[in-house]
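We will go from one selection to the next.

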Amino acid sequence: MPDLYKIFSTHAGYAYLPDLKASGVHTSTVREAVESGILEKLKPGLYRWIDMPIAGHRGFVEINLVVAKAVICLHSALAYYELRLTQP
């Protein structure tokens, strides 16, 4: 599946099904990749390459891809920047 890997590697390890189809990947190929553990289905139409190294906080990336208008709360932002609230 080198073509499939190339598509995912150019999109930081993630791809939407319409983009895969536009690149000539058949849905049965995607299904087989999920069943064999190469891809993970994050939501209908969104897939992640399992072994793709991902820079940064993968959870924030996936939230943004799954829920495009998601808002990251202050607690998550503080954890991301490794900050703590201090009491006066």
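Start with Tyr16 and Leu46. Tyr16 stands opposite Leu46, a residue of strand β3. Strands are DSSP E runs of at least two residues, helices are H or I runs of at least four, and both are numbered from the N terminus.

A word on ground rules. The model is predicted, so local features need pLDDT of at least 70 and side-chain atom pairs count only at pLDDT 80 or more, while totals for chains, interfaces and linings use all residues. Residues are numbered from 1 along each chain as its sequence is written, and side-chain values use heavy atoms, with hydrogens and water left out.

**Stop 1: the strands**

Select residues 14-16, which make up strand β1. Strand β1 pairs with β3 in the antiparallel sense, over three bridges. Two strands count as paired if DSSP finds at least two bridges between them.

Next, show the side chains of β3, residues 46-49. In a regular strand, side chains alternate between the two faces of the sheet. Which residues cover each side here? Leu46 and Arg48 are on one side, Tyr47 and Trp49 on the other, and all are buried. Buried means under 20% relative accessible area, exposed means over 50%, and partly exposed lies in between (1.4 Å probe, protein chains only).

**Stop 2: a charged pair**

Stay on β3 and pick Arg48. The bridge partner of Arg48 is Glu40. Their side chains also meet in a salt bridge, at 2.6 Å from N to O. The term covers a side-chain nitrogen of Lys or Arg within 4 Å of a carboxyl oxygen of Asp or Glu. Side chains of opposite charge can pair when their charged atoms come close. How many salt bridges does the structure hold? It holds one.

Colour the two residues by accessibility. Arg48 is buried, because its relative accessible area is 5%. Glu40 has 30% and is therefore partly exposed.

**Stop 3: the ring cluster**

Select Tyr5, Phe8 and Trp49, which ring pairs link into a cluster. The structure holds two aromatic pairs. Rings of Phe, Tyr and Trp (its six-membered ring) pair if their centres lie within 6.5 Å; planes under 30 degrees apart are stacked, over 60 edge-to-face, and the rest tilted.

Take Tyr5 and Trp49. Their ring centres are 5.2 Å apart and the planes stand at 75°, so this pair is edge-to-face. Tyr5 lies in helix α1 (residues 2-9) and Trp49 in strand β3, so the pair ties together parts 44 residues apart in sequence. Tyr5 has 41% relative accessibility and counts as partly exposed. Trp49, at 10%, counts as buried.

Now switch to Phe8 and Trp49. Here the centres are 5.7 Å apart and the planes are at 50°, so the pair is tilted. Phe8 lies in helix α1 and Trp49 in strand β3, so this pair ties together parts 41 residues apart in sequence. Phe8 is buried, and so is Trp49.

**Stop 4**

Go to Ala12, in the loop between α1 and β1. Most residues other than glycine have a negative phi. Ala12 counts as exposed, with 51% relative accessibility.

**Stop 5: across to α3**

Select Thr29 in helix α3, residues 27-35. Thr29 is partly exposed, at 26% relative accessible area.

**Stop 6: a surface patch**

Show the surface and select Tyr80, Tyr81 and Leu83. They form a nonpolar patch with about 350 Å² of accessible area together. Tyr81 is in the segment after α5 (74-80). At 57% relative accessibility, Tyr81 counts as exposed.

**Last stop: the whole chain**

Zoom out. The chain has five helices and three strands, in the order α-β-α-α-β-β-α-α. Of its 88 residues, 23% count as buried.

Note on methods:
Patch = residues over 30% accessible without salt bridge, like charges linked within 9 Å, V, L, I, M, F, W, Y side chains within 5 Å. Areas by Shrake-Rupley, 256 points an atom, 1.4 Å probe, with all protein chains shown as cover.
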